[in-house]
Amino acid sequence: RLSLRYFQGTGTLVLPFPQFNSLAGFDADLHYEARNANITDVWTIAPTVVNQFRFAYSRSLGLLPPENNLQSPRFTILDGSIASFGALPYFTQGRIFNVYQANDIVSFVHGRHSFNVGFDARYIQDNSVNETNDRGNYFFASLSNFLAAQPEAYTQAFGPTELGFRERLFSTFVQDDIRVLPTLTVNAGLRWEYQGAITESHGLTSLLDPAIPGSIGDAGPGPLGTFRVGNPAIHANPANFGPRLGFAWNPRAGKFVLRGGYGIYYDSFNFTGLSEARTTPPLNYTFTLANFTGGNTFDNLVAGTAPFITESQSQVGSFGTLTNFGTITTMNGSLPNPYVQQYDLVGEYQLSRSTLVSVAYVGAKGTHLQAFIPINPIAPANVPAPATSVADEEARISEFSTAVNDSTGPGNNR
């Protein structure tokens, strides 16, 4: 029996951001798309043997370009005398997921055994774009400064804005439901999962790896290692084994049934951490200009010919003379797959034809769960005491600023 299914949904709308913008025409458009195609073939090979094959493709898109695709810098007027204008600096942002999947399951019965054997293969593409501050952001103290083309500061991000992550997953399993006795059924199975490496289609990944010694430009060597550029971003895990065991027991074929089970279930890698790490040197930098002398005039900045822009662009791919890289978000390149152990024990008793009493214990334990943690935190001796009130925080704001600088600013040479 062959079946086919296809679904799609698309749409476009204007998405306002009142917390960032108060003028019409400077918000963002939202384009969304969902497509799903599925082919399933169920083949009854014999009265006790059935094969089910499935191939599926799904696509999901969420894209936020500037409204009407406006390609302009952002002009921020700091004193609020007029509303800030220009394309919001947070867009374009978006992700396109393509998932290709094929799986096959053979089910057959032999005596007291009911077997299921199968495999699942997936290929996942995550194509993302993040143009935050890619067009630049000018800050003016007042309207008069804007009219005189005298900015207070200018900031811009440099480096690739589009990334294409790739991941391959494969798993196979075997399960046997054994009718040991008329009153006892045991389930036993094993699943093997291959977690493929995560790569970027053009090798545009950079991760700070504390396990790799080396020098980071003029910053020199240090305890936090150096940057690892290129593929694979995350190494493969070829040996994830998940056993499954369960039973159902009806003593004396009476009104009481006892059920229990245990299994290990793996989760595949996702791309969130790598998306968060996309601003990492030496592939991406964000620089700020506060001295508008020499060739760094407002006119040259707008034209893209200012030394600030040309020198920043040339820095992409190297560390230059920088000795401090601010806050870095990175990932462990040898991540283990997260997994959960699930177990339960359930007792059921039928009091009457319409009443069933059930008592259950259900548990789960997660291992290797992913989280962002500080690898270069503020030394405990330098951590200020928590503020007891807003007034206390304001009175001790210099303490908190000093602590932050000691972690990611001039007080930290790495």
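The side chains of Asp126 and Arg95 form a salt bridge, with N and O 2.6 Å apart; the term stands for a side-chain nitrogen of Lys or Arg within 4 Å of a carboxyl oxygen of Asp or Glu. Asp126 belongs to strand β7 (residues 113-130) and Arg95 to strand β6 (residues 93-110), so the pair ties together parts that are 31 residues apart in sequence. Strands are DSSP runs of E with at least two residues, numbered from the N terminus. Asp126 is buried at a relative accessible area of 0%, while Arg95 is partly exposed at 28%. Here buried means under 20% relative accessible area, exposed over 50% and partly exposed in between, with a 1.4 Å probe and protein chains only.

Before going on, please note that this is a predicted model, in which local features need pLDDT of at least 70 and side-chain atom pairs count only at pLDDT 80 or more, while totals for chains, interfaces and linings use all residues. Residues are numbered from 1 along each chain as its sequence is written, and side-chain values use heavy atoms, with hydrogens and water left out.

How many salt bridges does the structure hold? There are 10 salt bridges, and the table shows some of them.

| Asp126 | Arg95 | 2.6 Å |

Asp120 is buried, with a relative accessible area of 9%, whereas Arg122 is partly exposed at 32%. Shared partners also link salt bridges into one network made up of Glu33, Arg35 and Arg59.

**A buried residue in a loop**

Asp27 sits in the loop between β1 (2-15) and β2 (28-46). Is Asp27 buried or exposed? With 11% relative accessibility, Asp27 counts as buried. A polar atom of the Asp27 side chain lies 3.0 Å from the backbone nitrogen of Phe17. Beyond its neighbours within four places in sequence, Asp27 has contacts (heavy atoms within 4.5 Å) with several residues, including Leu15, Phe17, Pro66 and Leu88. Pro65 is 38 residues away from Asp27 along the chain, and their C-alpha atoms are 9.0 Å apart.

**Empty spaces**

Rolling a probe the size of a water molecule over the atoms shows where empty space is left. On a 1 Å grid over the protein atoms alone, a cavity is a set of points where a 1.4 Å probe fits but cannot get out, and a pocket is an open set with protein on both sides within 12 Å along at least five of seven lines; lining residues have an atom within 4 Å of a point. A volume is the space filled by probe spheres set on the points, which are joined across faces, edges and corners.

There are two cavities of 30 Å³ or more. The largest cavity holds about 90 Å³, and its lining includes Leu163, Phe165, Ser206 and Arg278. Both β10 (162-181) and β13 (206-209) give at least two residues to that lining. The second largest cavity has about 30 Å³ of space, with Ile198, Phe269 and Gln370 among its lining residues.

Of its 15 lining residues, Thr279, Tyr285, Thr286, Phe325 and Thr327 are the closest to its centre.

Note on methods:
Helix = DSSP H or I, 4+ residues; strand = E, 2+ residues; numbered from the N terminus. Polar contact = N/O pair within 3.5 Å; in protein donor to acceptor, adjacent residues only side chain to side chain.
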